[in-house]
Amino acid sequence: FYKKTDTKVVVEAGSLMLPMPLQVEGFVAKGEVWSSSKDKTGVEGVTMFLYGKGKVPSGCSPVPPSASVPLGQKTEPLCMASTDKNGRFSVSGLRCGKAYSLIPFFQGKQTSFNVVPAVAKVEALPISAHYISVKPFHISGFSIGGKVTDHGGNGVEGAVVKFEGGE
């Protein structure tokens with residue numbers, strides 16, 4: 001991940017000294033979230049929260065104050081990324097030598113996904129390629145919450161909800 005996206009240099013022969021330093025802002029971690037461990041269909045809208053010590057990576061989206069974040073973490077997330085329509089995500093600006101944790105999270109109004117693994121450890125090392133490949137996450141289950149009401153919007157006591165033959 002480079003701070004300046006392009007610099008024109010013409011090399012006519014041999015080597016060339018750059019007129020300014022080339023500043024690398026950090027590594028990029030890339031990964032995917034699949035619908036299951038067997039079905040590699042991408043899942044859109046899963047938020048990947050990045051945890052670690054130090055500064056917020058320069059190429060990573062800040063976490064808005066209104067965002068729902070995973071419970072039980074000792075610190076606030078540094079930043080976040082979301083999966084695209086193909087289930088892919090990337091987090092940019094990871095600093096060399098630093099260790100991070102990526103935690104997947106999806107919670108809608110009435111649905112939440114159980115995503116495994118629950119956390120992925122990521123370390124930006126000088127021997128890394130130009131990006132860090134994160135082992136794929138997948139959905140292992142989900143939870144649904146809600147309320148059963150009658151036509152007037154009143155709660156129905158003792159209602160049983162069935163999904164594909166189960167309760």
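Reader: Let me start with one residue. Is glutamate 44 buried or exposed?

Author: Exposed. Its relative accessible area is 53%, and the cut-off for exposed is over 50%. Keep in mind that this is a predicted model.

Reader: Where in the chain is glutamate 44 found?

Author: In the loop between β1 and β2. Setting aside residues up to four places away in sequence, glutamate 44 touches Thr83, Asp84 and Lys85.

Reader: You mention strands. How many helices and strands does the protein chain have?

Author: Zero helices and nine strands. Read from the N terminus, the elements go β-β-β-β-β-β-β-β-β.

Reader: Which share of the contacts in the protein chain joins residues 24 or more positions apart?

Author: Count the contacts with a separation of 6 or more. Of these, 64% are between residues 24 or more positions apart. Threonine 47 gives an example of a contact list. This residue is found in strand β2. Apart from residues up to four places away, threonine 47 touches Met80, Ala81, Ser82, Ile103, Pro104 and Phe105.

Reader: Is threonine 47 buried or exposed?

Author: Buried. Its relative accessible area is 15%, and buried means under 20%.

Reader: What percentage of the residues of the protein chain count as buried?

Author: The chain has 167 residues, and 28% of them count as buried. The accessible surface comes to about 11700 Å². Carbon and sulfur atoms own 53% of that surface.

Reader: Now the inside. How do I read a nonpolar core?

Author: Start with the general idea. In soluble globular proteins, nonpolar side chains tend to be buried together. Here, the largest nonpolar core has 24 residues. Val91, Leu94, Leu102, Val134 and Phe137 have the most contacts inside it.

Reader: Which strands each supply at least two residues of this core?

Author: They are β1 (27–34), β2, β3, β4 (88–94), β5 (99–105), β7 (120–123) and β9 (137–144).

Reader: Which residues is leucine 102 in contact with?

Author: Leave aside its neighbours within four places in sequence. Leucine 102 is then in contact with Met48, Phe49, Leu50, Phe89, Val91, Ala118, Val119, Ala120, Val122, Val134 and Phe137. There is also a second, separate core of five residues, and Phe49, Tyr51, Ile103 and Phe105 are among them.

Reader: Next, disulfides. What is the general idea?

Author: A disulfide is a covalent bond between the sulfur atoms of two cysteines. In this model, a search of the whole structure finds one.

Reader: Which cysteines form the disulfide?

Author: Cysteine 60 and cysteine 79, with sulfur atoms 2.0 Å apart. Cysteine 60 lies in the loop between β2 (47–52) and β3 (79–82), and cysteine 79 in strand β3, so the pair ties together parts that are 19 residues apart in sequence.

Reader: Why is the disulfide right-handed?

Author: Because the torsion about its S-S bond is about 85°.

Reader: How exposed or buried are the cysteines?

Author: Cysteine 60 counts as buried at 9% relative accessibility. Cysteine 79 is buried too, with a relative accessible area of 0%. Cysteine 96 is partly exposed, at 45%.

Reader: What about charged pairs?

Author: Side chains of opposite charge can pair when their charged atoms come close. The count here is one salt bridge. The side chains of arginine 88 and glutamate 32 form this pair, at 3.5 Å from N to O.

Reader: Where in the chain are arginine 88 and glutamate 32?

Author: Arginine 88 is in strand β4 and glutamate 32 in strand β1, 56 residues apart, so the pair links distant parts of the chain. Arginine 88 is partly exposed, with a relative accessible area of 44%. Glutamate 32 is partly exposed as well, at 24%.

Reader: Last one. How do I read a peptide bond?

Author: Most peptide bonds are trans. The bond from valine 116 to proline 117 is cis, with omega near -5°. Proline 117 is found in the loop between β6 (111–116) and β7.

Definitions and conventions
Residues are numbered from 1 along each chain as its sequence is written. This is a predicted model: local features need pLDDT of at least 70, side-chain atom pairs count only at pLDDT 80 or more; totals for chains, interfaces and linings use all residues. Side-chain values use heavy atoms; hydrogens and water are left out. A disulfide is a pair of cysteine sulfur atoms within 2.5 Å. Helices (H or I, at least four residues) and strands (E, at least two) are DSSP runs, numbered from the N terminus. Buried means under 20% relative accessible area, exposed over 50%, partly exposed in between (1.4 Å probe, protein chains only). Contact means heavy atoms within 4.5 Å. Accessible areas come from the Shrake-Rupley method with a 1.4 Å probe; for residues, only the protein chains shown count as cover. A nonpolar core is a set of buried Ala, Val, Leu, Ile, Met, Phe, Trp, Tyr and Cys residues joined through side-chain atoms within 4.5 Å. A salt bridge is a side-chain nitrogen of Lys or Arg within 4 Å of a carboxyl oxygen of Asp or Glu.
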